[in-house]
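Here is a friendly briefing to read alongside the model.

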Amino acid sequence: INASVAGDTVLVSNGVYASGSAVVENTTNRVAITNAVTVRSMNGPAGTVIHGQGIMRCVYMIDGATLAGFTLTNGYASSGGGAYCASTAAMITNCVLTGNWAGGNGGGAFHGKFYNCIFTANSSDGGGGAVCAGELHHCVLSRNWAVGGGGTAWATLYNCLLTGNTGRDNGGASLDDTLYNCTVVSNWAGLTGGGAYAGRFYNCIVYHNGAPDASNHVNAAFDHCCTAPLPSGSGNMANDPMFANLASGNLRLSSNSPCVNAGLNQDWMSDAVDLDGNPRISENVVDLGAYERSVLTPTLVHYVSPTGAHIAPFDSWSNAANTIQAAVDAASDGDTVLVTNGVYDTGGWSESRVHITNAVAVRSVNGPTVTVIRGDAASRGVWLGTGAALSGFTVTNGYAQHGGGVYCDSAAVVSNCTITGNSAGREGGGARGGTLYDCALIGNQSAYEGGGMDR
């Protein structure tokens, strides 16, 4: 970083980075990004860790700086134990912030725009166990703790999930925040406002939270939201949101949920996606909460696990397919293939590790850091046909003449994926064609055009 100038990239290989430090504004940081550069890991947060050792903040960032693909852990500071950003003009993306602590506000982070980040088990002796005063997009916040606002305080959130957070006093999940299309469920406050204390909520679900007083909300304003008791404001409801499976933590909407098509469309949604990477509006009117119920709501789910019994049609975890391709072949248009953690480096056909010919959604359970599709010298990672979707994978080590990592027909969608270390004999080392949302293309190459992506 010290050797770089504005606009440069610092590319970081796997490792636990627990040495070195820099002092900024009287606070010691493991890493201080004091120029407008991009600091990016090669292989994502699972293998690339910035460690504060409980004695210093993990990262400090100035305006214009970007941090992508790291785990920030065991950081400590008066504010922003994991990360402190000068303002929301700094960006953190595809990172995991866990086990950080602040003596004041923002246990995980203070300021910074955040995209596709996970905040878990951070704590603050002030406000915002995960984040204070930031802007969050497509983030998951769970099991964070603070005196007020166990999840966030004085922040703005879009398409985020807040669950299992605790506020010692007020605001189990949220303290005086502004939330758009967020799901706030199963949080707790020691005094009042188990879901939210103060703030404004648009198209949100705030339900099944707990506190001695005002289990879901207190002193907050709602517009087109689902919460109880029924608040004043337009378009609100107190009905049970009817999640797909609350007990197992699946907070997507069931087919008969009253939250489907119950929101108010807003300008920011036109090109936006939900927390799963699906279009934010699928049936003309936006759904409530972080997840949009797709027009292609699956008729069947086919499961994939390295330890499954491999019994077709792979309709349970116990009968799960051992390869992604087997489950895809068993699926029909509109079905979902759900894939648990593992490195999937067998199966496939037509020179691709996974070849999706139907309008099928292939999704990982826990995201790209732990769910890998690995090609080889004779196989690209994934081929997607019209209407197919791929979400939440790392696609690596693939090779093909066109689109070494991913090759898409024009109507295919790839979201929340890390496409890294692939190559092409001609165009599109990482990817070719289709539409990509919230993806990282890192370290890919092609012999001709589009090392990262072509067309």
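R432 stands opposite D454 in β57, and the strand β53 (residues 431-432) pairs with β57 in the parallel sense over 2 bridges. Two strands count as paired if DSSP finds at least two bridges between them; strands (E, at least two residues) are DSSP runs, numbered from the N terminus. This is a predicted model, in which local features need pLDDT of at least 70 and side-chain atom pairs count only at pLDDT 80 or more, while totals for chains, interfaces and linings use all residues. Residues are numbered from 1 along each chain as its sequence is written, and side-chain values use heavy atoms, with hydrogens and water left out.

**Strands and sheets**

- β53 and β57 belong to an open sheet of 5 strands in the order β42-β45-β49-β53-β57, with parallel pairing.
- At the edges of this sheet are β42 (352-356) and β57 (453-454), each of which pairs on one side only.
- Elsewhere, strand β1 (residues 9-12) runs parallel to strand β5 (residues 38-41), and 4 bridges join them.
- β5 also pairs with strand β8 (residues 66-68), in the parallel sense and over 3 bridges.
- What stands opposite R40 of β5? L11 does, and in β8 the bridge partner of R40 is A68.

**Nonpolar cores**

- A nonpolar core is a set of buried Ala, Val, Leu, Ile, Met, Phe, Trp, Tyr and Cys residues joined through side-chain atoms within 4.5 Å; buried means under 20% relative accessible area, with a 1.4 Å probe and protein chains only.
- The largest nonpolar core has 43 residues, of which L67, F119 and L136 touch the most other members.
- β1, β4, β7 (57-61) and β11 (83-85) each supply at least two residues of this core, and β7 gives the most, with 3 residues.
- A second, separate core of 29 residues includes V382, A388, F393 and A431.

**F119 and N144**

- Leaving aside residues up to four places away in sequence, F119 touches a set of residues including L97, A109, L136, V140 and N144; contact means heavy atoms within 4.5 Å.
- N144 is found in the loop between β21 (140-142) and β22 (145-148).
- Is N144 buried or exposed? N144 counts as buried because its relative accessibility is 1%.
- Among the residues that N144 touches, not counting those up to four places away in sequence, are F119, T120, G129, G164 and T166.

- On a 1 Å grid over the protein atoms alone, a cavity is a set of points where a 1.4 Å probe fits but cannot get out, and a pocket is an open set with protein on both sides within 12 Å along at least five of seven lines; lining residues have an atom within 4 Å of a point.
- Grid points are joined across faces, edges and corners, and a volume is the space filled by probe spheres set on the points.
- The second largest pocket holds about 360 Å³ of space and is lined by 15 residues, with I1, S19, R30, V31 and A32 nearest its centre.
- Strand β4 (residues 27-33) gives the most to that lining, with 3 residues.
- By class, the lining of this pocket has 9 nonpolar, 5 polar and 1 charged residues; Ala, Val, Leu, Ile, Met, Phe, Trp, Tyr, Cys and Pro count as nonpolar, Asp, Glu, Lys and Arg as charged, and the others, Gly among them, as polar.
- The structure holds 1 cavity of 30 Å³ or more, and about 40 Å³ of space lies in the largest cavity.
- N43, G44, P45, N94, P368, T369, T394 and T418 line the largest cavity, a lining of 2 nonpolar, 6 polar and no charged residues.

Definitions and conventions:
Buried < 20%, exposed > 50% of the residue type's maximum accessible area, 1.4 Å probe, protein only.
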